[in-house]
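Here's a quick tour for anyone meeting this structure for the first time. Have a look at the sequence and the model, then read on.

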Number of protein chains: 2
Amino acid sequence: MKENTGKSKYVILGMLARMPLTGYTIKKWIENEYSHFWQESYGQIYPSLKKLVAEGLAVSSDNTETGNRRGQILYSITDAGRKELSDWLREEPEIEKLRYEILLKVSFGGNTEPEVLLGHLDDFIKRNEKLVKDMNGYMEHFDALKVQGTDCTYSQLTALCGVYIYSAMRDWAVLAKEIISEKEVVRNSE
Amino acid sequence: MKENTGKSKYVILGMLARMPLTGYTIKKWIENEYSHFWQESYGQIYPSLKKLVAEGLAVSSDNTETGNRRGQILYSITDAGRKELSDWLREEPEIEKLRYEILLKVSFGGNTEPEVLLGHLDDFIKRNEKLVKDMNGYMEHFDALKVQGTDCTYSQLTALCGVYIYSAMRDWAVLAKEIISEKEVVRNSE
DNA sequence: AATCTCATGTAATGGGTTACATGATTTT
DNA sequence: AAAATCATGTAACCCATTACATGAGATT
């Protein structure tokens with residue numbers, strides 16, 4: 001037996017707790033604001049929304065009459081939904097299982113030329129460097145909002161985590177490159 | 001259409017490249033040495049091994065006669081397997097998708113009491129603190145092996161990555177706690 | 001007219017864990 | 001004799017992405 005571990009439900013509830021949204025905008029928001037630590041596809045979002053309504057945790061308003069353009073369906077959270085969200089927030093977060101393919105390749109590095117790994121590490125450094133910049137951009141954006149009186153402390157904390165994690169990955173990769181290169185120098189001089 | 005993205009195959013090939021192993025020992029090794037950045041279950045390992053043999057990338061020797069205790073099956077890599085491994089190592093590693101439930105909860109933090117988040121962050125700090133210790137333990141272990149003349153550079157690099165990543169997560173969480181607590185002080189004094 | 005974006009949705013497929021089934025050997 | 005560990009394996013299930021289908025409204 002296994003209880004439902006699907007998190008899509010709670011991501012959606014968390015977003016609806018701020019304001020009513022359509023499935024489409026939920027997807028777009030996750031892409032823009034959560035993508036560095038979470039992702040959801042339409043294949044998860046639309047069925048989840050229907051389930052939320054069936055469970056009384058959200059209500060849908062497909063008011064095609066009331067000036068609502070296109071066939072869009074707005075979902076709003078209910079009191080039961082807020083309760084469900086709050087209960088979930090109290091539960092201990094699941095221990096994250098990391099799957100870094102680059103580490104797998106590094107650990108099997110003896111089966112290829114050092115240049116191959118150095119190349120992968122270069123790409124990795126560039127990618128993480130860009131992510132650090134993006135995250136710092138978010139940080140500044142949130143600082144600007146704070147000056148205007150909008151409190152974004154919690155969102156900003158996730159961006160800060162991004163800064164920390166991507167900086168660490170970049171720094172590791174830079175050091176890893178040095179260690180691999182040094183090892184090669186030693187090997188060649190023997 | 002979608003090409004096969006299953007990585008189990010390559011993890012197993014990478015391990016077999018060092019020495020012949022049974023499915024059971026592959027599982028145990030992954031648990032002990034790779035668990036901080038990779039995981040595989042028996043449900044993946046046993047079918048994958050059979051597939052590897054079918055593809056000629058590995059051979060099995062269930063020599064129950066030749067003193068092999070129990071029904072264990074030893075798998076060895078073939079030349080074709082080494083080629084396959086080497087080809088895969090050259091491919092660009094897939095971009096890792098992170099899923100940090102704790103960040104989700106932090107970002108929805110406005111829907112619960114700050115104490116709830118502070119509690120989660122405490123657990124998170126303890127967990128990462130322990131992981132940093134574990135990784136440093138591995139680092140020393142590899143240093144000791146290096147003194148004995150065994151080259152473990154690549155394995156050690158993955159442990160080093162662990163040190164970096166878990167330290168970063170811990171540091172972030174410590175700072176996050178401070179920021180949340182401070183925010184509360186301000187809120188209460190208003 | 002064509003194309004792009006908005007918008008909803010489902011079916012197929014893949015990837016992975018969990019639970020279960022089975023049995024040998026070793027340890028207590 | 002019982003329990004723990006070694007050892008292999010499969011079926012059910014869950015989670016998630018991808019590909020596809022459909023169509024409205026806006027833009028070029």
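## A histidine to start with

Does A:His120 count as buried or exposed? This is a predicted model, and in it A:His120 has 7% relative accessibility, so the residue counts as buried, the cut-off being under 20%.

A:His120 sits in helix α6 of chain A. Skip the neighbours within four places in sequence, and A:His120 is in contact with A:Ile102 and A:Lys105, plus a run of residues from the other chain: B:Leu89, B:Arg90, B:Glu91, B:Glu92 and B:Pro93.

## Where the two chains meet

Now zoom out to the whole interface. Chain A puts 67 residues into the contact, and chain B puts in 67 residues as well. About 6900 Å² is buried between chain A and chain B, with carbon and sulfur atoms giving 67% of that area.

As for polar contacts, 28 residue pairs turn up across the interface, with both residues at pLDDT 80 or more.

Which elements of chain A give two or more residues to the side that touches chain B? They are α1 (8-16), α4 (79-90), α5 (101-107), α6 (114-147) and α7 (153-188). The most comes from α7(A), which gives 18 residues. Sort the residues on this side of chain A by type and you get 37 nonpolar, twelve polar and 18 charged.

## Following helix α6

Back to the helix that holds A:His120. How far apart are the end C-alpha atoms of α6(A)? They are 49 Å apart, which agrees with the 50 Å that its 34 residues should span at 1.5 Å a residue. Just after α6(A) comes A:Gly149, with a positive phi of about 95 degrees.

## A tyrosine in chain B

Over in chain B, B:Tyr42 lies in helix α3 (residues 42-54). At 28% relative accessibility, B:Tyr42 counts as partly exposed, because that value falls between the 20% and 50% cut-offs.

Leaving out neighbours within four places in sequence, B:Tyr42 is in contact with B:Gly23, B:Tyr24, B:Lys27, B:Lys28 and B:Pro47. B:Tyr24 is 18 residues away from B:Tyr42 along the chain, and their C-alpha atoms are separated by 8.0 Å.

Technical notes:
Residues are numbered from 1 along each chain as its sequence is written. Chains are lettered from A and ligands numbered from 1 in the order in which they are written. This is a predicted model: local features need pLDDT of at least 70, side-chain atom pairs count only at pLDDT 80 or more; totals for chains, interfaces and linings use all residues. Side-chain values use heavy atoms; hydrogens and water are left out. Contact means heavy atoms within 4.5 Å. Buried area is the accessible area (1.4 Å probe) that two parts lose on being put together, summed over both. A polar contact is a pair of N or O atoms within 3.5 Å; within protein, one must be able to donate a hydrogen and the other to accept it, and residues adjacent in sequence count only if both atoms are side-chain atoms. Helices (H or I, at least four residues) and strands (E, at least two) are DSSP runs, numbered from the N terminus. Ala, Val, Leu, Ile, Met, Phe, Trp, Tyr, Cys and Pro count as nonpolar, Asp, Glu, Lys and Arg as charged, and the others, Gly among them, as polar. The expected span of a helix is 1.5 Å times one less than its number of residues. Buried means under 20% relative accessible area, exposed over 50%, partly exposed in between (1.4 Å probe, protein chains only).
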